[in-house]
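Subject: A structure for you to look at

Hi there,

Here is the structure I promised to pass on to you. Have a look at it first, and then read my notes below.

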Amino acid sequence: MSTQIKNFCQNCGNKLINQFCSHCKQTIFEDPKLAVASIIAKNNQILLIKRGVEPQIGKWAFPSGYVNRYETPEDALLREVKEETELDVQINKLIGIYSTKGNPVILAVYSVHLISHEAAAGSDATDVHWFELNQLPKLAFEHDNQILKNWLEVRS
Ligand SMILES: [Zn+2]
């Protein structure tokens, strides 16, 4: 993040003094941004989407997206999976929370059970594909290999 974002109000653009905006009369917190991702598996395959939006457009990734304000992470996950793959799923378990120092995005990853079985590329995705676990493409994001490793340790 640039220092500009740090020093100016996100609401009105006023200069902040000790994170306080004298125009909005409130302290402006720089909140982290929560994202969720899902591991959708059947047998020895997992479903990946080809990303149709930045970042990492064109790369294969777990279905994922940002949690909206007032939405639970679980609801955000079900919504994003439906939007990107047209699948109905049920939350199975939390695999882990992933973050990098200096990056505002914190990623919560869940495994899910399939309710419906016909996957199709929806919004933000240009393709969906079931990949054999031992034939995965290069994944889009830095935590993806660690996520896979953690999931393999706890999958059921
Ligand atoms: Zn302000």
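**What I found**

The mean pLDDT of the protein chain is 90, and 95% of its residues reach 70 or more. Residues 1–5 are an exception to keep in mind: their pLDDT is below 50, and this stretch has two contacts in the model beyond near neighbours in sequence. Please remember throughout that this is a predicted model.

Let's begin with the overall layout. The protein chain has three helices and nine strands, and from the N terminus on their order is α-β-β-β-β-β-β-α-β-β-β-α. Along the principal axes, the C-alpha atoms fill a box of roughly 55 × 30 × 25 Å. The chain is divided into domain 1 (1–30) and domain 2 (31–154), and the centres of domain 1 and domain 2, taken over C-alpha atoms, are 33 Å apart.

Next, the inside. Of the 156 residues, 22% count as buried. The largest nonpolar core has 25 residues, and Val36, Ile40, Val109 and Tyr110 have the most contacts inside it. Several elements each supply at least two residues of this core, among them β3 (33–42), α2 (73–85), β7 (89–98) and β8 (105–114).

Now follow β7 and β8 themselves. These strands run antiparallel and are joined by eight bridges. Lysine 93 stands opposite serine 111 in β8. The hairpin of β7 and β8 has six residues between the strands, and glycine 102 takes a positive phi near 90° there.

One more residue is worth a look. Phenylalanine 62 sits in the loop between β5 (60–61) and β6 (64–66). Is phenylalanine 62 buried or exposed? It counts as buried, because it has 27 C-beta neighbours inside 10 Å, and the cut-off for buried is 20 or more. Not counting residues up to four places away in sequence, phenylalanine 62 touches Ala37, Ser38, Ile39 and Leu48. Phenylalanine 62 and leucine 139 are 77 residues apart along the chain, yet 8.4 Å separate their C-alpha atoms.

Enjoy exploring, and do write back with questions!

Best wishes

Key:
Residues numbered from 1 in each chain as written. Predicted model: local features only at pLDDT ≥ 70, side-chain atom pairs only at ≥ 80, totals over all residues. Core = buried A, V, L, I, M, F, W, Y, C linked by C-beta atoms within 7 Å. Buried ≥ 20, exposed ≤ 12 C-beta atoms within 10 Å, placed from the backbone. Helix = DSSP H or I, 4+ residues; strand = E, 2+ residues; numbered from the N terminus. pLDDT = per-residue confidence, 0-100. Contact = placed C-beta atoms within 7 Å. Domains from an automatic or database assignment. Pairing = 2+ DSSP bridges.
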